[in-house]
Amino acid sequence: MSTPIFAGKVALVTGGGSGIGRAICQVLARDGANVAVADINLQGAQETVSMLPSPGDHLAVTMDVTSKASVDSGLKAVTDKYQAPPSLLVNNAGISKKSPFLDMEEKTFMDVLDVNLKGTFLVSQAVVKLLLQQPGAAEGAVVNVSSLAGQLGLKNHSQYAASKAGVMAFTKSVAGELAKTGVRVNCVLPGLIETPILVNTPQALVDAAVANLALGRMGQPEEVAEAVAFLLSDKSSYMTGSCVEISGGYGL
């Protein structure tokens, strides 16, 4: 029997308490990683851990990605448990608040940027600094969860689209800076994925969006998770600064 591809590795997944984040945790645990499930909602993180094989090998941590103190505290819990920092990082934590541009409050704009963009920066910087302090050559991989909206825009979610475009540019910039360190940084751009975030979306809007998909259906969180696992693995060893669409052929 072959060794799981992430055997002995520690993975940190932000926003791991539900949706795409939970699916990513499940795939990484299946492939042998010790998964630190970080979420602002600790109960959600704990529920994810309970779903993983050998739950005792994994950890649920409270983390508010907009707060450096919270990020540092969560990372300390991870390093205390595993005696090593995570070498695999998925910045998945994200929020969206529907608001027409002309009616949008400043707080609504900043709340979304704080979680989606600032949070990606804070967690990435903290994890990579710890990783580079370890003796020997650093080997690590970061995957940031952007969105197809970062390329195409999204009406009534301009702050969300802007934040996800920022994640793409941040990914490419950091990938260039870290290329010689042994840490690769890539991102994924999910399109229409069947997650709890769609619960309050009118069915007519969902149907209209599906009509633009070449594959004719919404994606599943597991399909995003498999692509994330590929980008974290040595199978993608010649990829850094890449932004991979997972869109079902939107607009084709």
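At 15% relative accessibility, Asp31 counts as buried, where buried means under 20% relative accessible area, exposed over 50%, and partly exposed in between (1.4 Å probe, protein chains only). The model is predicted, so local features need pLDDT of at least 70 and side-chain atom pairs count only at pLDDT 80 or more, while totals for chains, interfaces and linings use all residues. Residues are numbered from 1 along each chain as its sequence is written, and side-chain values use heavy atoms, with hydrogens and water left out.

Asp31 is joined to Arg30 by a salt bridge whose closest N and O atoms are 2.9 Å apart, a salt bridge being a side-chain nitrogen of Lys or Arg within 4 Å of a carboxyl oxygen of Asp or Glu. Arg30, at 46% relative accessibility, is partly exposed. By the salt-bridge rule the count comes to eight.

## Pairs within helices

In helix H3 (residues 68-82), Asp72 and Lys68 lie four residues apart, about one turn of the helix, helices being DSSP runs (H or I, at least four residues) numbered from the N terminus. Their side chains meet in a salt bridge of 3.0 Å, N to O; Asp72 is partly exposed at 34% relative accessibility, and Lys68 is partly exposed with a relative accessible area of 49%.

Helix H4 (residues 106-132) holds Lys107 and Asp111, which are four residues apart and therefore separated by about one helical turn. The closest N and O atoms of their salt bridge are 2.7 Å apart. Lys107 is exposed at 58%, whereas Asp111 is buried at 19%.

Key. Helices (H or I, at least four residues) and strands (E, at least two) are DSSP runs, numbered from the N terminus.
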